[in-house]
Amino acid sequence: MGRSKSSAGWLKEHFDDQYVQRSKEDGYRSRASYKLLEMNEKDRLFRPGMTVVDLGAAPGGWSQIAIEKVGDSGVVIASDILEMEPIADVTFIQGDFTEDAVYDQIMAAIGERPVDLVISDMAPNMSGMAAIDQPKAMYLVELALDLATRTLKKDGVFLAKVFQGEGFDQYLQQIRDSFKSVITRKPEASRARSREVYLLAKGFKG
């Protein structure tokens, strides 16, 4: 069966995409790396020696940036339901983040270490039906926020991909309750038609 015109169009757009091209040239595993690089340039997310938790990490584009920026004295703990090729000095936990056993493994990897930054690029498998996709996406970011509020040190930072739609405003309020400031970012590398935005929360109240 031949590919539909729309999927063929998506594939052409994807491979013609300047960020896909650049990621190959620069040795990054995904175009998403450029979203994080852009936000880091604006908001100075990383410092050497930080402890970072990367949720929804596969194929590893964000973990690559994180470990580069935190350096030898830093720690990056990454997790995804999908497999991820190993990255030197990144601790990877594979499994479904919504399951307690996987959550517990992440918490065990963090241990007593105070976390400086939690980053989440998690998204569910999209069906194209907002009534199904949006609640799933909101559930994931709520779990990410829960992990952040349990592990971040005072004044820690949380960055999460969120899809605009039902539940977004309530979620934004939840974050505002726990952090001193919340900024919305839409990086250039984010496709214009996508409903995704990134919420950057600074100054965890603890």
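Q: Why is K180 called exposed?
A: Its relative accessibility is 53%. Exposed means over 50% relative accessible area, buried under 20%, and partly exposed in between (1.4 Å probe, protein chains only), so K180 counts as exposed.

Q: What kind of model is this?
A: It's a predicted one, where local features need pLDDT of at least 70 and side-chain atom pairs count only at pLDDT 80 or more, while totals for chains, interfaces and linings use all residues. Residues are numbered from 1 along each chain as its sequence is written, and side-chain values use heavy atoms, with hydrogens and water left out.

Q: What makes D155 and K180 a salt bridge?
A: Their closest N and O atoms are 2.7 Å apart. A salt bridge is a side-chain nitrogen of Lys or Arg within 4 Å of a carboxyl oxygen of Asp or Glu, so D155 and K180 form one. The two sit 25 residues apart, D155 in strand β5 (residues 152–163) and K180 in strand β6 (residues 179–185). Helices (H or I, at least four residues) and strands (E, at least two) here are DSSP runs, numbered from the N terminus.

Q: Are K35 and E196 buried or exposed?
A: Buried: K35 has a relative accessible area of 7%, and E196 has 6%.

Q: What is the N to O distance for K161 and E196?
A: It's 3.6 Å, and the two side chains meet in a salt bridge. K161 lies in strand β5 and E196 in strand β7, so the pair ties together parts 35 residues apart in sequence. A network of salt bridges links K35, D121, K161 and E196, and the whole structure has 9 salt bridges.

Q: How do you know where the buried residues of helix α7 (residues 168–178) sit around the axis?
A: F168, Y171, L172, I175 and S178 are buried.
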